[in-house]
Every structure is written in C-alpha cells, then in structure tokens.
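Please examine the structure shown below together with its sequence. The paragraphs that follow lead through a few of its features in turn.

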Amino acid sequence: YGFINTCLKSLVVEKYGEETWEKLRLQAGVQDSFLTFEVYKDEITMQLVDKACKVLGVPADTVLREFGKYFFEFCKRSGYDHMLRTLGGNLYEFIENLDALHSYLSLSYQEMNAPSFRVEKNEDGSMHLHYYSDRRGLCHIVPGIIGAAALDFFNIEISMKIVNQTEEEERTGKKEHIVFLVTQTPLFPCKERNEFSSSSRCLVDSEKQFENQLNKEDLEKAKNASGDRGDSVCPVKKSHWKTLRGIITLGKGKLLRGFDPVYPKSLWIDTKTFCNGLPFHMVFDKELKVKQAGVSIQKIVPGLQTMGICLDQYFRIIHPEVPFTISSIQKFINSQFVFQTRREMMPESWKERPMLELRGQMMWMESLQCMLYLCSPLLRTLHELEERQMHIADIAPHDVTRDLILLNQQRLAEMELSNQLERKKEELRILSKHLEEEKKKTEALLYAMLPQHVANQLKEGKRVEAGEFKECTILFSDVVTFTNICAQCEPIQIVLMLNSMYLRFDRLTTVHDVYKVETIGDAYMVVGGVPVPVPTHAERVANFALGMIMAAKGVQNPVSGNPIQIRVGIHTGPVLAGVVGEKMPRYCLFGDTVNIASRMESHGVPSKIHLSSSAYQCLKYKNFEITERGEIEVKGKGKMHTYFLIRNKSATENEIMGRP
C-alpha cells in the first residue's frame, strides 16, 4: 500500500533532505507522492530501496534496518500507537500477536499481503523468531521494527541474528523463512535498581512486624475461607502476610505474579447448549476427523452433520499457509487460523456463492488428544454477509463479529471518503504545481518586459513613481545600410536577420548585467546603472558594446551574404526613468543623456564604438584601450570631442562573450 512508500519517502526527506529524495525517485523512475489506500506494485518499493543504497552509499541491510526503526515510529505517528502498545505485556506476547494485528488490518486493507511471525521461547530466556514472507530480501526490516518496539514499549535492548534461512514455498506457501535468535537485555536506570533493592529490605522488616501482630483468629478465618471454596483448592499454608506479599509489592500495588485459576470438577454445560452457545466451533482429532461442530457451521457446511468426516475434505487453510496436518497446526498454534470452505463440497445450488472463510484460534486438548477450533465468520461488510445468504442472527449475540461487521462497514465508508479526499488533495497539489510553473513563466515574460521591482509594484496595483538617476551609461546601436537591405529583401528575411542578431545581444545583456530598454527596427538600446544603480555602469556597457561588435560578425547580411556591420554609440549622464502607459506599459528613459547617446550612434563609424567625452572620463582608467577621434560636428549639439573604444586590455574574447 501507499502507506509503505510514503513512510520510505518521509524517512529519506527527514534524514537526507528533499533534494536526495528527488534524486532517488528520479533514478527509480517513480512518482513524487503516494496515496495511503492505493495499492502499488512491490517493484516500486524494491526499486526505491535499491536506489537508496546506491545514492546514499549504504549497504542494503543497513537501509532496511533503518527503515524498520523509522516504520515503527511512522506507524505510531499515524495513529497506531495505542493499537501497538496494547498488543502484549511483554516482547513475546507482542510478537505473538502481530499476525492477529495484520489480520485485523486486512479488514480495511483488503489487498494487504503481510508477513507472518511465529515465536518460540528458549530455556535461557532467549527466543527464536520465525519470519515468513512472500517478498525475498526484506528480512532486515524485522530487527529494526522489533528492536524499536522492544526499546519503546518494554525498555529492553535486543540483539537479533539470523540462525537459519530457508525456502519455504512448498511447505508454507511463503517464499522466505528466516529464523532469528532474539536475546534481551533489560534497561534499568541505576536509581530504579537502588529503589528496588531498598524496598525489598523494607519488605522483609515489615513482614516480621506484621506476622507478630497476626493472631490465631485471623489465621483460622483465612483457613475457613479457603476451605469453603472446595476440596480442589489447596489449604492455606502461608501466613496472610505472605499471601499478600506474593501478590503485591509493599506500598506499590504492582502485581508480582499472576493468579491461579479455579476449575470445576466437571463441566456444568450440556452438549446442546455448548453447540448453540458457540455456533462456530469444531473439534477434530489427530486424523482430522470431526468430533463436534457448532450449529451455525453445520448450517453453512451441511457435510459436518455427518460426524467422523475428515475436516480437510471440506476446508482448506488460508492462513497461515501450512499443510493441513495436526503437527503443522501445533507449530503455529499461537497464530490465528483462517479456513475457507471447498467449493466442490458445497451443495450444487450454492455454487455461485462466494466461499465462506472462518477465522479463529486453535486449542490443543491433551487429555482428549483433540484440537478445538474456536472461530467466527470472516466477514468485512454487510455486502459479504448478503452474498453468502447469511444474516446477523446467524452469529451469536456474544460474538463481536456482529459489531465488527457493522463498524467495519462504517470504517470502509470513511476510508473511501478519506481516499477520495486524498485523491482530490493530490490533484490539487499537481494543479498547484502546474499553476506555480505557469506563474513562473508569466513572471519571466513580465520581467523580460519590465524591471523586476517595477513589475512587482504593478502586480500589487501600486503606482510606480518616476525615479531620477544621477549617473548612468546609455548605449544605442543600429545596422549600417539597413534601409538598403530592407529595400532589396523580403520582409521575412529582415525578421530572421534581426531576430538572429537580437538573440545574441539579449544573451550578452545577461552576461554583463545591463538593462535592455527597447528595440525599434534595427535600433537596440541598453542602459547600465538603471533601474539598479551600480558604480561600474560604464564598464558593463563598454564590455557589452565590445561583445556586440563580435556577435554581429556571426549574423549574415541577406543581400551580400557577408557579416552585417553595426554602429555603436555610448554616453554617460543623468536620466529620469519611469513607466509610461497602462496598456502594454513601457519603462522609458528621459533626458538629454538619451539624445546625446543616440547622436553618438548616428555620428559613429561602422564596426566602431563611439564614446562621448563623459563616457571616456568614466573608462579612461579602467583597463580599456581607447583612441581619440577628435572634435566633430554633432547635429543639435555643435562641436563635441569624441573617442573610439578599441578593446578591454584585461579581458579575453571568451570572457567578453560569456563563453566558458
């Protein structure tokens, strides 16, 4: 189920970060998220584990053990804490009841294929844990889970080592059977040990004082009270205080040992009442011959009314997957057994009905050399009850299966609703992700048209105030003989030529961090120091201009077939900048600096970078090679002293062009 894959993702993200998970899942070729109640192929989980080993550089057994520890914590966080905590009072009982827990969970997770556990106690206090699974190679998860549970619930540190590993497919139907040797080490803090030993000394002193106070009358009463219970109960030999001491610790109220049950001499229930009161039970001997059966099970499996028939003729064992023999059943006696009726033994008219499954426990009766199977119908929903033409009345009033069917019906409805919500949530997450991607595209387009801070202000509905910049450097460029080229070419050829040229120039704006103001026809306008003031505005624009001259050599003149030539003009001075218009707003520059920069371009020379005197002043000590042009007549400005920028003495061509 998706729950497992979600846990694995959570482990990787929590311990190694989102980037590691993204890398891992891309290598494994799986989706980013998993639905809790959705069934996924085992290959997905196996692939994730395999890639985790490679990406993290950790052996598979270590990854699986870590996953086991984390899975235990993940289950607790997911609401299974109380369910796990109440499985048993010690580690043996906890492991013994894991199959029962899986059986209960399978009511909701109907496609679940859980492993099976069997535990044996050894004389030295250790245990042998038998692990059966349909999935090979995942056994190292078990020490992680069991170790975490032992430490958390029972304050015990355990060590688990594999003592046997066999293929079990023929015998149990499971592909893998691993036997672990489990040794336990209780963890007692020093303070607790001291308190325990001091309370023991106190117990002995108090016992002596209390015994002195007991009189003969109290002892006689204790004996009489015991005698009234019947001859089968042993007479009291200990003092009243010793009896109390055996049950509780002084002042603590903690039980030290269990109680001794009292059994009647003979069974006070007749056969008919027993079979009616427990309508789903069967007793069979070593040869599997049925000796006794409850009334409801006889109704559902009519063949059982013939006593002495063999049980395996009418039923097959579904869980645990063991051969139908007394010896196999005894090995798994602490497991829950699921029987299923055999279709071929049912009446002809029932052939279309789904086969009934029974779930319950086995109890070996040594004195009778017979096995008692106490069970209930394994039904998950009212629909399953109807399919088998059964009714709630067929189940004994004391049997919680009645409540379980009704509760599980409600639980499945809630799960379906939860599943739908989870699907909708996943759909919304994907839509949100796509929306975020589209938003980024829109923002990228907007930021290409307007400065980022200006675009953000416009998005927020704010008015963008015009800003004055004391000093910036403006560049204009145009194509030499552009009018003649236009006259001799098709419009599409002009568009292709300009697009090829502007793509090269646009890349250079990013390389040198200058702002592209606009393009009009063949004219290209760039500014440095606007909209973000920087002290190196002149150097940035100068390097950009050198890059333009180089880039233009790669653009072909559609008329002559030769590289195109451009003129470039640069001027430095103050400007006013602001947004003009509401529909298709433009970020425009105003001031005489713009006019002079334009004049530098129009009065320039092909394939040369024409500088004004103010631009020259900013660049003359900055490692640029500059030659003097002298005074020229500039339209509308009179005589101006200008210069040509030749090269950057400290930068290579690759650096200017932004190439590696």
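Which handedness, left or right, does the crossing of α3 and α4 have? The crossing of these two helices is right-handed. The model under discussion is a predicted one. In it, the axes of α3 and α4 lie 9 Å apart, and the helices pack at an angle of about 115 degrees. On the side of α3, the contact is made by Val49, Ala52 and Cys53, while α4 contributes Ala60, Val63 and Leu64. By class, the residues of this contact comprise six nonpolar, no polar and no charged.

Helix α3 also packs against α2, which spans residues 18-28. Here the angle is about 125 degrees, and the axes are 9 Å apart. Angles of 65 to 115 degrees count as roughly perpendicular and those over 145 as roughly antiparallel; α2 and α3 are therefore oblique to each other. Their crossing is right-handed. From α2, the residues that make the contact are Thr20, Trp21, Lys23, Leu24, Arg25, Gln27 and Ala28, and from α3 they are Gln47, Leu48, Lys51, Ala52, Val55 and Leu56. The residues of the contact of α2 with α3 divide into seven nonpolar, three polar and three charged.

The largest share of the lining, eight residues, comes from α4. The volume of the largest pocket is about 1100 Å³. Of the 40 residues that line this pocket, Ile4, Phe71, His102, Met112 and Pro115 lie nearest its centre. The lining consists of 31 nonpolar, five polar and four charged residues.

The peptide bond from His319 to Pro320 is cis, with omega near -10 degrees. Pro320 belongs to the loop between β7 (315-319) and α14 (326-331). A cis peptide bond also leads from Val530 to Pro531, with omega near 5 degrees, and Pro531 is found in the loop between β13 (523-528) and α20 (537-552). Gln389, although not a glycine, has a positive phi of about 55 degrees. The loop that holds Gln389 runs between α15 (382-387) and α16 (401-449).

The crossing is right-handed. In α19, Arg504, Phe505, Leu508, Thr509 and His512 meet Arg540, Asn543, Phe544, Gly547, Met548 and Ala551 of α20. This contact has five nonpolar, four polar and two charged residues.

The last stop is Pro585, in the loop between β14 (566-580) and β15 (586-590). Which residues does Pro585 contact, leaving aside its neighbours within four places in sequence? They are Leu450, Leu458, Val579 and Val580. Pro585 and Met449 are 136 residues apart in sequence, yet their C-alpha atoms are 8.8 Å apart in space.

Methods: Residues are numbered from 1 along each chain as its sequence is written. This is a predicted model: local features need pLDDT of at least 70, side-chain atom pairs count only at pLDDT 80 or more; totals for chains, interfaces and linings use all residues. Side-chain values use heavy atoms; hydrogens and water are left out. On a 1 Å grid over the protein atoms alone, a cavity is a set of points where a 1.4 Å probe fits but cannot get out, and a pocket is an open set with protein on both sides within 12 Å along at least five of seven lines; lining residues have an atom within 4 Å of a point. Grid points are joined across faces, edges and corners, and a volume is the space filled by probe spheres set on the points. Helices (H or I, at least four residues) and strands (E, at least two) are DSSP runs, numbered from the N terminus. Ala, Val, Leu, Ile, Met, Phe, Trp, Tyr, Cys and Pro count as nonpolar, Asp, Glu, Lys and Arg as charged, and the others, Gly among them, as polar. Axes are lines fitted to C-alpha atoms, for helices over the stretch in contact, and angles run from 0 to 180 degrees between N-to-C directions. A crossing is left-handed if the near helix is turned anticlockwise from the far one by less than a right angle, and right-handed if clockwise. Contact means heavy atoms within 4.5 Å. Angles under 35 degrees count as roughly parallel, over 145 as roughly antiparallel, 65 to 115 as roughly perpendicular and the rest as oblique.
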